Amino acid sequence: MKVKERIREWLEEVKKKGKDVEVMSFFQELPVKTKAKVIDFNEKFVQWEASPKLCLAVQDCGKLYPVFFDKQYSQNRTLEGNMVYCGKDFIETTFPLPSNDPKLQRKSVRITTSPNIPIEVRVISKGKTTLFPVRDISENGIGIIAPKELFKYGDKLKFLILTLEKRVEAEGTVVSLEPYEDKEKVGVKLELKEREKETLRKYISMRQREILSKIREIAG
């Protein structure tokens, strides 16, 4: 039986029995996990039970990741559906299929940055330092916004990262390039010593608390 057929059978079962499904999305890159029921589905779309917390994350991320128990392999698999509609009554996504989203493979917490907890990143090149906006950061990597084609895969970069508490000098390698409005988001894998990682962890922890506070404020 093909995977889509197995997923369809699973959706039919959880809908008929009213079972809760583990689902996840991301709010400002922080994973938001909860449970939701399947309201209805067809070959193209699925309607999920809505909640303020889940809607907040799905609207920000644009995707929903249900956990599907695949009987053929006797294991859980994470699926991915794109958001079609999100309202107070239900969330509609495309029919979910197995996901290969790199977000699901992260080994450390990644968060978006905030002007309330400022962080600066400067790239050092040929004796000059250039300031770049930071979209997201973890203890292992950083995403900066740069003009298109300024960097390429495999580029080795030197950074000066300034948080509220300390400055960190780091080196890194460009590992991803994604369109970002009229520019690019450049993903860099950082090479840091443990004490430097600890500085970033403190920043991430502060920002994580800010995000969780916003989730509680908006979603309850």
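Which residue lies over the face of Phe26? Lys103 does, at 5.0 Å from the ring centre.

## Before you start

This is a predicted model, where local features need pLDDT of at least 70, side-chain atom pairs count only at pLDDT 80 or more, and totals for chains, interfaces and linings use all residues. Residues are numbered from 1 along each chain as its sequence is written, and side-chain values use heavy atoms, leaving out hydrogens and water.

## Charges over rings

Besides Lys103 over Phe26, there's Lys4, with its charged end over the ring of Phe95, 5.1 Å from the centre. A charge sits over a ring if NZ of Lys or CZ of Arg is within 6 Å of the ring centre and within 35 degrees of the ring normal.

## Ring meets ring

You'll find four aromatic pairs here (Phe, Tyr or Trp rings, using the six-membered ring of Trp, with centres within 6.5 Å; planes under 30 degrees apart are stacked, over 60 edge-to-face, the rest tilted). Trp10 and Phe68 have ring centres 5.2 Å apart and planes at 65°, so they count as edge-to-face. They sit 58 residues apart in the chain, with Trp10 in helix α1 (residues 3-17) and Phe68 in strand β5 (residues 63-70). Helices (H or I, at least four residues) and strands (E, at least two) are DSSP runs, numbered from the N terminus.

Both Trp10 and Phe68 are buried (under 20% relative accessible area; exposed is over 50%, partly exposed in between, with a 1.4 Å probe and protein chains only). Tyr85 and Phe90 make a tilted pair, 5.0 Å centre to centre with 40° between the planes. Tyr85 is partly exposed at 42%, and Phe90 is partly exposed at 23%.
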